Every structure is written in structure tokens, then in C-alpha cells.
Amino acid sequence: MTVYSNIEKSLVGTRRTLASVCKEEGVNILDIEPMNLMVTNCSSCGIWHRSESIIDDLDSNPICRYCEDLIGL
């Protein structure tokens, strides 16, 4: 597994920070390019999801499908 896939696996379904996961994995956070991660943090609930399951709300904030239903989009 690559460093990025390990980080993604540790983030998905959690509210952990990228910094805490990098520290746990022994990776310098400055060596990680967040745009290369295939996970996105929901701006509403704060849970990390696979990027393909995230949509933009009316203000262009990334939200998950669950929050989309709660908000009523």
C-alpha cells in the first residue's frame, strides 16, 4: 500500500485530523499533498468520505450524501 492509501484508509469514516493520522503513520505532514488524497472531509458533519461520494452544497461547501438528505437539497 502507498502512503496515501494508508492515510485514506485511516481517515475514511472518522473525524480524525490529517495531522494526527500522519503522525500515527510516521509521515511528515509537509510531505503530503492534500489534493492527491482521494478522501474529502464533509463540511457539515466533519466525517471523511471517499471523494466520489461528496457533493457541493448551495454555497459550494463539500458535503456527504447523508448531510445532503438532512439539509434537504
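Leaving aside neighbours within four places in sequence, which residues is Glu-8 in contact with? In this predicted model, the partners of Glu-8 are Asn-36, Leu-37, Met-38, Val-39 and Arg-50. Glu-8 itself sits in helix α1. Is this residue buried or exposed? Glu-8 counts as buried, because its relative accessibility is 10% and the cut-off for buried is under 20%.

The protein chain contains three helices and four strands. Read from the N terminus, its elements follow the order α-α-β-β-β-β-α. Along the principal axes, the C-alpha atoms fill a box of roughly 40 × 20 × 20 Å. Of the 73 residues in the chain, 29% are buried. The chain exposes about 4800 Å², and carbon and sulfur atoms supply 53% of that area. Among contacts with a separation of 6 or more, 31% are between residues 24 or more positions apart.

Leu-18, Val-21 and Cys-22 are its buried residues named here. These three lie on the same side of α2, because they cover an arc of only 100° around the axis. On the other side of the helix, Lys-23 and Glu-24 are exposed. What lies over the buried residues of α2? The cover includes α1, residues 3-11. After α2 comes Gly-26, which has a positive phi, near 75°.

The largest nonpolar core has ten residues in all: Ile-7, Leu-11, Leu-18, Val-21, Cys-22, Val-27, Ile-32, Leu-37, Val-39 and Trp-48. Helices α1 and α2 each supply at least two residues of this core. The largest share, three residues, comes from α2. Not counting residues up to four places away in sequence, Leu-11 touches Arg-16, Thr-17, Leu-18, Val-21, Val-39 and Trp-48. There is also a second, separate core of six residues, including Ile-54, Ile-55, Ile-63 and Cys-64.

Ile-29 is partly exposed, because its relative accessible area is 35%, a value in between the limits of 20% for buried and 50% for exposed. Which residues does Ile-29 touch, not counting residues up to four places away in sequence? They are Leu-18, Ala-19 and Cys-22. Leu-18 and Cys-22 are also among the buried residues of α2. Another pair gives a sense of distance: Ile-29 and Ser-43 are 14 residues apart in sequence, and their C-alpha atoms are 21 Å apart in space.

Tyr-66 is found in helix α3, which covers residues 65-71. Why does Tyr-66 count as exposed? The reason is its relative accessibility of 58%, since exposed means over 50%.

Conventions:
Residues are numbered from 1 along each chain as its sequence is written. This is a predicted model: local features need pLDDT of at least 70, side-chain atom pairs count only at pLDDT 80 or more; totals for chains, interfaces and linings use all residues. Side-chain values use heavy atoms; hydrogens and water are left out. Buried means under 20% relative accessible area, exposed over 50%, partly exposed in between (1.4 Å probe, protein chains only). The arc is that of the directions from the helix axis to the C-beta atoms. Contact means heavy atoms within 4.5 Å. A nonpolar core is a set of buried Ala, Val, Leu, Ile, Met, Phe, Trp, Tyr and Cys residues joined through side-chain atoms within 4.5 Å. Accessible areas come from the Shrake-Rupley method with a 1.4 Å probe; for residues, only the protein chains shown count as cover.
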